[in-house]
Amino acid sequence: MQIKHEILELLKKGKNLLAFSYGSDSSALFYFLMQKNISFDLALINYKTRVNSDKEESKAKELALKFQKQIFIKTAPKFKGNFEKEARNFRYDFFHQICLENSYDHLILAHHLNDQFEWFLMQLSRGAGLVEILGMNEIEKHENYDIVRPLLSVSKNEILNFLKENKIFYFNDESNDNIKYFRNFIRQEFSNSFVEKFSKGLKRSFDYLRKDQQKIYDFKKIQNFKGILICPKEESMIAKALKIQGVVPSTKQREQMLKSDCVISGKIGIAYKNDKAFIFPYEVCEKLPKKFKEECRKAQIPKSLRAYFYNHNIEILSFKF
């Protein structure tokens, strides 16, 4: 496996948390990082959905103890709705909490080239734009930490070869064979065979697409003000800010967000003021003090944003947008 030098150098300089499942991808990344003398801790979620779920948790604890790594473990509830979506939200919320509470600089994810192409095809099938179909990046900057995907240009076959050559144990996730999940259907019907035949060209194409995206969109225009992302009132910029906040908007949500202030997926608020869009974790407050509401009105703070200001004790006069 080959991982870009600049990514390895970045990880050597910070405090790292590896999202771990004991599957093939995270196991390969675990031992690769060990070979490169990069320090990291582990975070694992037990979904209790497979025969080996508890065994994987137990073996992960043993692995962490063997290599003297801290491990954070959480058991997921039974999700009633869309399992893939709810599991993803639960997973990222857990990782986010750990990174904030323990001051991690980097959250390391084991997404690889096949995952990237699966995402590309899934978003393409839904009528997404450039920002969504290139949703995965090797380095994504968040307010308090970066998400790093060292394997994003490494194919699944390269990962399996690494595991075989180094005789590394891992668990096989049998749920990946269940095509009732859209991602698995895309993987089995389209992406795996394509990546296997055209991985070299695919890697180059994704590199070119990202460079082109950077030329088209200046994402440096997205500012962070106390957890609120502020950007020009442009569809692609708002979609990027939503992605940073952990939400990928659907076609209907894109249409909704361009009409007026709204809440996306019940968790991220969007408010507008003049030519600016404000994207923030949506919060409510039972009753805002009259004086506070009047100050917000004078400062022209959008109504849906006021509870966030109040809950986080943000000085109204500091709002200069």
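Colleague: What are the ground rules here?
Modeller: The model is predicted, so local features need pLDDT of at least 70 and side-chain atom pairs pLDDT 80 or more, while totals for chains, interfaces and linings use all residues. Residues are numbered from 1 along each chain as its sequence is written, and side-chain values use heavy atoms, without hydrogens and water.

Colleague: In what order do the five strands of the open sheet run?
Modeller: E7-E8-E11-E10-E9, with antiparallel pairing. Strands are DSSP runs of E, at least two residues; helices are runs of H or I, at least four; both are numbered from the N terminus. Pairing takes at least two DSSP bridges between two strands.

Colleague: Which strands are at the edges?
Modeller: E7 (223-225) and E9 (262-264), each pairing on one side only. The twist averages 30 degrees from one strand to the next.

Colleague: Which helix touches E9 and E10?
Modeller: H10 (residues 251-259), at about 155 degrees to E9. Contact means heavy atoms within 4.5 Å. Angles run from 0 to 180 degrees between N-to-C directions, with axes fitted to C-alpha atoms, for helices over the stretch in contact.

Colleague: And where does H12 lie?
Modeller: H12 (residues 303-311) lies across E7, E8, E10 and E11, at about 45 degrees to E11.

Colleague: New topic. Where is Ile179?
Modeller: In the loop between H7 (156-165) and H8 (182-216). Ile179 is partly exposed, at 44% relative accessible area; that class spans the values between buried (under 20%) and exposed (over 50%), with a 1.4 Å probe and protein chains only.
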